2 protein chains.
Amino acid sequence: MRGVSIIGIGQSPVGELWNQSARQIAYTAVSAAMADAGITTADALFVGNMLSGNLLDQEHLATLVADFCGLHGIEAAKIEAACASGGAALRIGTMAVASGFHDVVIVAGVEKMTDTVGKDTTAGLATASDAEYEALHGVSFVGLNALLMQRYMYEYDLPIDAFAGFSMNAHRNGAHNPNAMFQEAISLDEYLKAPVIATPINIMDSSPVCDGAAALVLVPTERVHEFVTGHHRGAVQILASASANDTLAVHDRKDPLFLQAAQLSSQKAYQQARIQPTDLDVFELHDAFTIMSALSLEATGFARRGEGWRLGHEGEIGIDGRLPISTMGGLKSRGHPVGATGVYQIVELVQQLTGMAGANQVKGARLGMAQNIGGSGATIVTHILGA
Amino acid sequence: MRGVSIIGIGQSPVGELWNQSARQIAYTAVSAAMADAGITTADALFVGNMLSGNLLDQEHLATLVADFCGLHGIEAAKIEAACASGGAALRIGTMAVASGFHDVVIVAGVEKMTDTVGKDTTAGLATASDAEYEALHGVSFVGLNALLMQRYMYEYDLPIDAFAGFSMNAHRNGAHNPNAMFQEAISLDEYLKAPVIATPINIMDSSPVCDGAAALVLVPTERVHEFVTGHHRGAVQILASASANDTLAVHDRKDPLFLQAAQLSSQKAYQQARIQPTDLDVFELHDAFTIMSALSLEATGFARRGEGWRLGHEGEIGIDGRLPISTMGGLKSRGHPVGATGVYQIVELVQQLTGMAGANQVKGARLGMAQNIGGSGATIVTHILGA
């Protein structure tokens with residue numbers, strides 16, 4: 001298997017981009033990544049996206065984006081794994097290069113969730129759950145996460161502010177990310193007074209509905225020197241790429257408070273990269289809801305069961321902490337354009353590992369992990385990158 | 001790059017499967033393929049599907065299918081490339097094995113297009129075209145193909161029965177396929193009297209709206225002997241796997257009557273397999289509309305421009321002809337559950353190459369090609385298999 005490296009990154013700002021359609025948002029990210037890599041064409045484009053068919057009446061999205069970016073005659077396919085679509089697209093792009101089928105591959109993630117005329121974005125997000133056994137009964141996606149958070153608080157006898165640290169950390173970091181949707185820090189008081197949207201989840205526990213796109217350029221590690229010239233900040237290698245699934249419906253899990261697939265995919269990733277969790281300098285986790293941050297930290301080996309919330313509470317997750325997470329704002333503050341999120345995470349890891357993270361730079365970061373979660377933990381993709 | 005072989009195939013009957021949801025139809029195919037391969041688990045499942053988000057309000061489909069098939073802890077992702085989703089999923093599955101990331105990969109295609117409550121399947125199919133520049137103006141998918149057929153007939157001064165041979169061949173072959181939607185031959189008179197649905201396309205030129213699923217089990221060629229034991233009919237090797245795209249909108253093409261992407265992807269495939277078109281014993285082409293059969297034969301090197309229709313007219317495409325096509329009924333007679341079609345084509349090629357095609361067996365078939373087309377020629381995936 002050939003090693004795979006990232007030589008270009010690009011992203012659009014995240015927000016309510018009412019004056020741009022999906023193809024335009026994707027173009028912003030793809031063209032930026034191509035310019036960053038110094039390429040004018042590619043062998044393939046894999047696009048992570050969840051909702052274009054449901055919300056935009058547009059399938060065949062990868063060829064549409066390729067077409068709009070002037071990439072004709074190449075391979076193009078859309079990859080869908082709910083909110084893990086971006087991470088899944090990177091998995092596929094990695095396999096395309098590792099296998100030798102392609103040398104220059106663009107991986108993009110794009111989602112257009114606002115201003116979708118005549119469509120219901122909340123219902124669209126519920127398509128990540130089981131349409132016949134969950135969504136049919138009216139449970140929304142935030143509703144499913146609220147059930148998990150409620151149970152977690154009950155099991156471990158936690159106060160309502162137990163999760164505040166995750167949200168405050170995300171907003172503190174997002175304040176310095178020019179592409180973040182929310183660029184302002186929040187106080188504990190603001191967290192506590194935030195409107196509840198599905199008990200006990202308040203609006204500060206929850207990532208926003210938004211639009212955005214991010215993109216990466218992959219090449220074989222053995223060919224990096226042909227692309228990375230003097231002025232380039234250097235490539236980042238994909239040291240591990242792994243995915244695991246679980247039951248789709250939360251009610252089918254023996255223990256809904258343990259993310260089995262997060263454990264499986266991160267263990268595979270640790271093995272591939274030959275590292276321990278403690279070796280990591282930064283961890284971009286999937287903080288779609290604060291409860292997911294706690295569960296993710298427990299399943300990936302950073303906290304014992306029922307103690308993931310403590311890392312946020314005790315401030316260990318800040319830029320200067322033991323394990324910096326959501327360093328560019330995470331899903332909460334940068335925003336969560338669902339199918340694009342997994343690619344944003346990687347773009348931000350590359351920024352950290354190449355010293356381009358500005359005010360949010362984790363000093364001396366050399367090894368980072370990103371974990372992208374689809375559904376309520378049903379599909380979990382983990383990547384480890386090394387500078 | 002490791003060689004990749006197919007050791008198991010499975011399919012559901014194609015038709016209006018009103019009493020089964022997508023997961024159940026997929027289960028029929030996946031469980032049959034697993035039994036055929038003699039496996040009880042796998043490393044990954046890639047599902048080709050186009051319309052689950054739009055018509056079924058169900059995304060996250062690959063993990064849903066994996067879950068329903070008892071495949072937990074594995075990688076799962078849905079691959080979408082409009083009607084080429086099945087072929088695109090096989091591309092990804094092939095890369096997964098070729099790269100060394102996985103050893104046992106299931107590739108499935110599934111589509112549920114009938115009995116979709118409150119949804120419009122014709123509008124769903126139009127999501128393969130450009131939502132903002134084609135579908136918005138009311139052009140349906142059959143409408144786009146009708147424009148191509150009209151222009152072709154005008155350019156080459158053809159009578160209305162020029163395309164009859166493709167439809168009659170498909171129905172003649174489908175009559176002997178127990179999984180085909182339409183299991184009866186049709187006469188020229190029946191073709192000529194068929195109701196017109198979008199001038200000049202009549203109902204016998206057009207593949208039907210239907211449900212179905214097909215599945216394959218892939219392993220590294222070097223490990224085939226571990227799986228294929230005495231009673232097994234033998235594996236089939238994937239000799240070539242290639243994909244190419246074109247502009248999404250037909251009006252953006254310099255020459256809408258030439259399938260540039262079909263030429264590109266087939267040329268790549270011929271090179272990979274180191275063969276000439278004339279070496280092929282069977283060709284499963286994408287006869288969603290009879291005009292597509294003619295254009296496909298011209299772009300892949302079997303006929304000169306404007307003469308693809310002659311192969312159908314002159315009977316060279318029958319089971320005993322020079323180039324048998326649609327040997328198990330093709331999209332017209334077996335049916336076209338869109339995201340599943342590309343996988344059905346491969347299942348049928350494997351049947352032909354291992355002597356399991358029954359009354360439709362092409363004698364001595366050793367080398368076959370399948371071509372799967374998304375949109376009106378915007379994404380085209382070609383595979384060549386060898387026994």
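Colleague: Which residue is the bridge partner of A:Lys78 in β3(B)?

Modeller: In this predicted model, A:Lys78 has B:Glu80 as its bridge partner in β3(B).

Colleague: In which sense do β3(A) and strand β3 of chain B pair, and over how many bridges?

Modeller: A pairing of strands is read from the bridges between them. Here β3(A) and β3 (residues 75-80) of chain B run in the antiparallel sense, with three bridges.

Colleague: Which element gives the largest share of the side of chain A that touches chain B?

Modeller: Contact is taken here as C-beta atoms within 7 Å. On that basis 53 residues of chain A meet 53 residues of chain B. Elements giving two or more residues to the side of chain A are α2 (52-56), α3 (61-68), β3 (75-80), α4 (85-98) and β8 (236-245) of chain A. The largest share, six residues, is that of β3(A).

Colleague: What rotation and what shift superpose chain A on chain B?

Modeller: The angle of the rotation and the shift along its axis are read together. Chain A is superposed on chain B by a rotation of 180° with 0.0 Å of shift along the axis, at an RMSD of 0.0 Å. The two copies are therefore related as by a two-fold rotation axis. Both copies use the same surface, as 100% of the contact residues of chain A recur in chain B.

Colleague: Which residue of chain A comes closest to the rotation axis?

Modeller: That is A:Ser99, whose C-alpha is at 1.8 Å from the axis.

Key. Residues are numbered from 1 along each chain as its sequence is written. Chains are lettered from A and ligands numbered from 1 in the order in which they are written. This is a predicted model: local features need pLDDT of at least 70, side-chain atom pairs count only at pLDDT 80 or more; totals for chains, interfaces and linings use all residues. Copies are superposed by least squares on the C-alpha atoms of residues with pLDDT of at least 70 in both. Two residues are in contact if their C-beta atoms, placed from the backbone, lie within 7 Å. Helices (H or I, at least four residues) and strands (E, at least two) are DSSP runs, numbered from the N terminus. Two strands pair if DSSP finds at least two bridges between them.
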